[in-house]
Amino acid sequence: SKAEMGHTCRGTINLATANITVEDSCNFIISNGGAQTYHLKASSEVERQRWVTALELAKAKAVKMLEESDDSGDESVSQTDKTELQNTLRILSSKVEDLSTCNDLIAKHGTALQRSLSELEALRLPPDSTDKIKQVNERATLFRITSNAMINVSPHPEDSTVGKAPTSMLSTVSPQACRDFMLLAQTHGKKWQKSLQQERDQRIRLEETLEQLAKQHNHLERAFRGATVLPASTPGTGGSGKDLCCPAKGDLSDEDDDNNEFFDAPEIFPVPDIMGHKNVHPRSPLPRRTGSNISGTSSDISLDEQYKHQVEDTKKEKRTRIPYKPNYSLNLWSIMKNCIGKELSKIPMPVNFNEPLSMLQRLTEDLEYHELLDRAARCESSLEQLCYVAAFTVSSYSTTVFRTSKPFNPLLGETFELDRLEENGYRSLCEQVSHHPPAAAHHADSKNGWTLRQEIKITSKFRGKYLSIMPLGTIHCIFHSSGNHYTWKKVTTTVHNIIVGKLWIDQSGEIEIINHKTGDKCILKFVPYSYFSRDVARKVTGEVMDPSGKVHFALLGTWDEKMDCYKVQLGTGDNGAEARPRAHEAEDSRVLLWKRNPLPKYAENMYYFSELALTLNAPENGTAPTDSRRRPDQRLMENGRWDEANAEKQRLEEKQRLSRKRREAEAARATEDGKARLSDRDVPPRCPPQALTLLCPPGTPYDPYKPLWFERKKDPVTQELAHVYKGGYWESKEKQDWSLCPDIF
């Protein structure tokens, strides 16, 4: 369609001049006789004939349109435009006539002037006066010749009385001047008018296309969100007790309202009353907030009390759903027009682009398939262990395939804990250790024999049609019993169709996993999606090799579904580069390392969250005051109160900016004075109570912020500076002593 030309067209050929030839039963060729040739293949002979027939008809229509456009008639010019054109030409003609009248007057008065000068010449005057009179006479003659030539008129009849020289000069002058302009305007006016009308028609067609696309988008969005649902049956009304959620199959009809297919409404579940709301249906439209209640203080209960009211006992039962995502429309232009001229990092982005999780919680989602590391810890062979570590590395990307919304940027000092020691044998802690550039440190320990730690800095580049997200930092995995220490880095994530079209995500690049104890290595290749490739989408390949470079295992799969492992049979003379599983041996030795867990029911209405993601923001007792679960704007968004969430988000960001300015001022004073005296009120949360005086000799750099639970050290393996967990968090949680935690919310 014409609407797709802007972003999916890979080339064009003018059908009016195209050659369409049939190659065989399913293939045909379209060519313009020059450099452009397209070989097309249909699924069957019938389908090929349908395409060829349609293209031949379109070609005939294009030829006819070309012939009509070449005609010089006035068919495409409307009557109104004709009248306007005629009026313009009439005005031009009248102006030329005015110029001609002026020329007649100039000629008449010029002739009289020349006669007077000729009479003066005939008089007996001194020689000097005669020369002057001749000079003036010649100039007057040239002036009249120029004025006549300006509008291309014939010499005045009375020129014979002036003398033959001026008349002969007039006869040799024939420029077109103003009359030429009038003729050109008459000749090309219709052509210009026709071109203008064509541009107007094209603009109207574009406007109609945009309007149609907007309607289609609105209709599809409403259909997708399940806007046309029947009200749920209430107790006592005879409603059935079956599951009332939307069925898995069946589409909304595109016909009129009489033909629309209606489904049962989703099952009602209570929305937590954290912000003062009563239980509402997840699909019910939420009211728009006005200036009177946008401050987030409309409830009579404080946020802390509301949080406590919502806390659930997660040890007993994990939540399996969250309030459905409301169908709020977003006018991107209304946001961007107020951001013109601002730095990208200073633009306040609304929560409409977010999901109700922070980046710390997204980082914790890497542990969704922690059982891969549990199995790896039980492996006796380091090469087999490396296969499971590689599968774990790939599994961390499985949640991104549908998750096109961005997580909340954590505030400086924000933390997130995940204590699954009783259920799964591990517990995890994340902390935002830097704001510019944004960096998060993560540490997870498991009683099953492994430790995972990482520090990730996120950098991104907007490249017009897509956004590249490049995580910087090294991930470490240490197995306690064997002492094997593995490191790797993440690949680049690309978000496509940022401006136009449906957002989709791809992963590309290479990951090198190294066992620093044995020298074993695994190379994983994430194949970028290509329209022309015949490979399966989101493909990942890998090779596990020993220190000598011999390949022992081959890995194959996709980063969104599963990973398989094949044992490579090394023959005589085979080396690491040539060893591959033979076809008849591959299936026999195949081992399924990892398979993605299915998404929960109706995940499309809950931001495509996995089972683990649905539990991450559930309130828990005993967490730190800086925990992401306590972040008010994120909680408001989860409960569908987006307007209030936007206002709260701006308040938190402004509070963070003021804290940064205060730290910078303290750093400046410490540098100038050579020491910083800190009162009890100004003691940063990282300092013990006895450290009331911090001595800074002149010239010593002063670090304005230090994380609370992590400290920056040089890693002995990678020789990189990274934030490593220094301990103390779980002890503070056990004592419920959070006196060192800053007030960030």
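Glutamate 414 is buried, with a relative accessible area of 0%, where buried stands for under 20% relative accessible area, exposed for over 50% and partly exposed for values in between, using a 1.4 Å probe and protein chains only. Its partner is arginine 631, and the two side chains meet in a salt bridge with N and O 3.2 Å apart; arginine 631 also counts as buried, at 2% relative accessibility. A salt bridge is defined here as a side-chain nitrogen of Lys or Arg within 4 Å of a carboxyl oxygen of Asp or Glu. Because arginine 631 lies in the loop between helix H13 (611-616) and helix H14 (632-638), and glutamate 414 in the loop between strand S5 (406-408) and strand S6 (415-420), the pair ties together parts that are 217 residues apart in sequence. Helices (H or I, at least four residues) and strands (E, at least two) are DSSP runs, numbered from the N terminus.

The model is a predicted one, in which local features need pLDDT of at least 70 and side-chain atom pairs count only at pLDDT 80 or more, while totals for chains, interfaces and linings use all residues. Residues are numbered from 1 along each chain as its sequence is written, and side-chain values use heavy atoms, with hydrogens and water left out.

In general, side chains of opposite charge can pair when their charged atoms come close. A search of the whole structure finds 33 salt bridges, and the table lists some of them.

| Arg residue | Glu residue | N to O distance |
|---|---|---|
| Arginine 362 | Glutamate 355 | 2.7 Å |
| Arginine 631 | Glutamate 414 | 3.2 Å |
| Arginine 629 | Glutamate 620 | 3.6 Å |

Arginine 362 is buried, with a relative accessible area of 15%, and glutamate 355 is buried as well, at 0%. These two residues belong to a network of salt bridges that links Glu355, Arg362, Glu365 and Arg403. Arginine 629 and glutamate 620 are both buried.

Turning to the sheet, three strands form an open sheet in the order S1-S2-S3, with antiparallel pairing; two strands pair if DSSP finds at least two bridges between them. Strand S1 (19-22) and strand S3 (37-41) are the edge strands, each pairing on one side only. Four bridges join S1 to strand S2 (residues 27-31), and the two run antiparallel. In this pairing, valine 22 of the sheet stands opposite phenylalanine 28 in S2.
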